[in-house]
Each structure stands twice: as C-alpha cells, then as structure tokens.
Amino acid sequence: MITELVLATLFGLLLLGIHRKVIARIQRRPGPPVWQEILHAAKFSFKTSWVPATASGALFTGIVLVAIGIWTAAFFVLMTGGSLLVIFGIYMLHKIVEHGFGLSSGSPYGKYGGVRSVISAASEIPLFVGVAVIAFYTHSLDISAIIAYQEARGPLLLTAFPAATAMFLVLLSKMPFGPFSIVEAKELVSGYKTEHFGIWRAGLEVCNGLKTFVLLGTFLAVFIGPLTLPAIIVGMIVLIVLLAFSCALTPMLSPFDSVTIQTMVTGLVLVYAVIVLTVVRP
Amino acid sequence: MSGRLKRNAGKLVAAGVIACGTAFALHGYGWIPLWVFAAVVVLAFPPAVLALFLWWMADVGEEDIPFIGY
C-alpha cells in the first residue's frame with residue numbers, strides 16, 4: 001500500500017501534466033512536457049526554503065503536513081473501498097487547508113486566496129445532492145458496496161447521469177486553470193499558495209498529485225464500477241482530458257459568477273434528486 | 001541551512017520510513033488492523049516527505065544545490 005501511495009502521487013502529478021498539455025494544445029501553444037508537474041515538485045524540493053517573517057511559523061509549515069496527511073487518508077479510504085462520506089469529508093477539509101495556506105503566510109494575495117476558498121464552498125453543495133442520489137440507488141455509501149451494485153446493475157453513469165455531471169463539476173472546481181479556479185486566479189498571483197515556496201510548495205505538489213488521483217479514482221469507482229488497473233489508468237486519462245477541454249474552452253469566472261453558477265447547478269441537481277426520490281425509486 | 005538540520009532531517013526520514021515499514025509488516029502478519037496501519041502511514045508519511053525534501057535540499061556548505069533535471 002505504501003508503494004501504491006507513492007505511485008499514485010506520481011501518477012496524479014502526471015495527470016496534472018497531461019491536463020496542462022491538453023489545455024496548451026487546444027490554445028495552440030506547445031505547452032510543457034506532460035511530466036512538468038513532477039519536475040515542478042522536484043524543482044521546488046531543491047530550492048532554498050525558509051518561513052517568511054510575516055508568516056505564522058507553525059501554521060505555515062504545519063498546514064503542508066495536514067494537506068498531505070488528509071489526502072493520504074483519503075487514498076486509504078478509496079483503496080479499501082471505505083465510505084464515500086469520509087472522502088467527501090476530506091474534500092471539504094481541503095477547503096480549510098487552502099484557507100490555512102492563505103492565512104498563514106501574511107501575504108495579502110494569500111489571504112485573498114484563502115477567503116475565496118471559503119466562498120467557493122458553493123461547489124460542494126452539488127456534491128451533497130449527488131451523494132444523496134447515489135444513496136437512493138445503492139442504499140449504501142461504502143465504495144465497495146457501490147462498486148458491487150454497479151457490477152450487478154450497470155454503471156451509475158448511465159442510470160444517474162445528472163449526479164455524475166454534478167460530480168464532474170466538483171472535479172472541475174478543483175482543477176487548475178478551470179472556470180471555478182478563483183482561489184488561484186492570476187490577479188492574486190498564485191492565490192493561497194503564493195508565499196509557499198521551496199520544500200513547502202513541493203509538499204503542496206505532492207498533495208495535489210494525491211488529491212487528483214483520489215478524486216478521479218473516486219469518480220470512476222462511484223460512476224463506472226469495477227475496473228481493472230489498465231482500465232482505471234485509461235479512465236483517469238480520459239477524465240483529465242475531458243476536464244482539460246472544459247478548462248481550456250471556458251474563461252475563469254469572477255468569484256460572484258462562479259458561486260452563482262454552482263448554486264444554479266445545485267438547484268438543478270436538487271430537482272433531479274427529488275424526481276429520483278419520488279418518481280424513479282419511490 | 002546547517003549540517004545539523006540535514007542530520008535531523010535525515011533522522012526524521014529514517015524514522016518515518018521505519019514507522020511505515022513496521023506498520024506495513026505488522027499489518028501483513030495480521031498483528032495490527034488496517035486502520036492502525038493507515039493511521040501510522042497518515043501520521044508518518046507527510047513529515048517523512050517534507051523531511052526528505054529538507055534532507056536533500058539542505059547543504060552543509062554555503063551554496064544551494066542547482067536543479068539540473070531538465
């Protein structure tokens with residue numbers, strides 16, 4: 001499991017590299033090589049590091065440990081077929097981590113990024129509704145039980161397509177360069193991670209790789225079902241390419257518009273959940 | 001970065017690897033449940049990663065280590 005943890009981190013970083021490459025090619029740029037994010041993590045880990053004078057030392061360094069720790073826990077939950085609620089609880093904890101990153105630095109850019117991570121919590125509401133719909137169908141929120149359900153009755157991607165769309169939106173909100181990536185918008189330099197450099201940024205890159213792997217793996221487990229390892233790898237690459245298309249073809253929204261659109265999607269998915277509850281599976 | 005920092009970071013990496021390895025072996029033999037194994041890795045993996053970065057970044061001399069990975 002430890003080897004898998006390290007490989008998942010590297011593969012997650014590779015997926016983020018593919019994401020950047022696809023966006024670049026859509027925008028007619030050559031783009032960086034697909035292993036750029038792995039090189040980024042390595043590069044930052046070699047840089048001289050210190051804690052800025054304006055930062056809260058304990059929080060500035062401790063939040064990096066928390067970031068890696070929570071996604072390590074999520075990785076274990078995914079690999080052992082544990083509860084979907086735990087993974088989504090960790091997804092919400094990541095919001096606190098982003099907030100902690102921003103506020104600990106003392107930089108105004110970081111602080112604005114941290115504040116935006118709080119207002120972008122609207123992206124999590126479709127998640128709740130999507131989870132509720134999955135529970136209606138499968139009568140369980142254990143990933144192993146959800147996979148078993150799909151093995152018997154087919155992928156939930158087909159039977160609960162709107163819930164899968166809501167989950168896709170959740171993934172999109174966590175992707176860099178996406179329409180909802182308001183926490184790291186260019187007007188904030190790098191947002192909540194502006195002041196985290198050197199080994200602290202390398203630690204954040206490790207967290208991002210692991211997070212990407214876990215979120216895409218969760219999507220495949222919950223909406224596709226049982227897959228072999230090669231199929232999981234192909235599925236994750238297909239997902240990241242779809243996300244890259246979405247990111248490349250949509251402008252980054254203003255914070256207000258981002259929250260408005262996510263709230264509207266929540267309303268639509270809520271209507272769908274009511275239909276499922278009352279009509280499809282009364 | 002001082003040589004002392006490099007030594008301490010090296011010790012932390014070793015401690016993290018030993019903790020994860022021991023938990024892995026104990027879980028493999030069935031002596032500890034999965035959640036204990038997972039808890040040990042969740043606690044030991046992040047500091048081991050950061051300590052590893054600190055260990056190979058910290059130099060006993062004055063100069064930084066240039067990155068030539070490209």
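Among contacts in chain B between residues at least 6 apart in sequence, 69% join residues at least 24 apart. Two residues are in contact if their C-beta atoms, placed from the backbone, lie within 7 Å. The model is predicted: local features need pLDDT of at least 70, side-chain atom pairs count only at pLDDT 80 or more, and totals for chains, interfaces and linings use all residues. Residues are numbered from 1 along each chain as its sequence is written, and chains are lettered from A and ligands numbered from 1 in the order in which they are written.

Chain B contains two helices and zero strands. Helices (H or I, at least four residues) and strands (E, at least two) are DSSP runs, numbered from the N terminus. Of the 70 residues of chain B, 31% are buried. A residue is buried if 20 or more other C-beta atoms lie within 10 Å of its own, exposed if 12 or fewer, and partly exposed in between.

The axes of helix H1 (residues 3-28) and helix H2 (residues 34-57) of chain B come within 8 Å and cross at roughly 155°. H1(B) is therefore roughly antiparallel to H2(B). Axes are lines fitted to C-alpha atoms, for helices over the stretch in contact, and angles run from 0 to 180 degrees between N-to-C directions. Angles under 35 degrees count as roughly parallel, over 145 as roughly antiparallel, 65 to 115 as roughly perpendicular and the rest as oblique. The crossing of H1(B) with H2(B) is left-handed, a term for a near helix turned anticlockwise from the far one by less than a right angle. This contact has 21 nonpolar, three polar and one charged residues. Ala, Val, Leu, Ile, Met, Phe, Trp, Tyr, Cys and Pro count as nonpolar, Asp, Glu, Lys and Arg as charged, and the others, Gly among them, as polar. Leu5(B) lies in helix H1 of chain B. Leu5(B) is partly exposed, with 15 C-beta neighbours inside 10 Å. Leu5(B) and Ala51(B) are 46 residues apart in sequence, yet 9.8 Å apart in space, C-alpha to C-alpha.

Between the chains, 23 residues of chain A are in contact with 19 residues of chain B. On the chain A side, helices H1 (2-26), H2 (36-46), H3 (57-79) and H10 (199-223) each supply at least two residues. H3(A) gives the most, with seven residues. By class, this side of chain A has 14 nonpolar, seven polar and two charged residues.

Within chain A, the axes of H3(A) and H10(A) come within 9 Å and cross at roughly 25°. H3(A) is therefore roughly parallel to H10(A). Their crossing is left-handed. The residues of the contact divide into 14 nonpolar, five polar and one charged.

The largest nonpolar core has 95 residues. Such a core is a set of buried Ala, Val, Leu, Ile, Met, Phe, Trp, Tyr and Cys residues joined through C-beta atoms within 7 Å. Residues with the most contacts inside this core include Ala67(A), Trp71(A), Ala166(A) and Val214(A). H10(A) contributes the largest share of the core, 15 residues. Ala166(A) touches, among others, Pro126(A), Leu127(A) and Val269(A), not counting residues up to four places away in sequence.

Arg28(A) has a positive phi of about 60° although it is not a glycine. Arg28(A) sits in the loop between H1 and H2 of chain A. Arg28(A) is exposed, with 7 other C-beta atoms within 10 Å.
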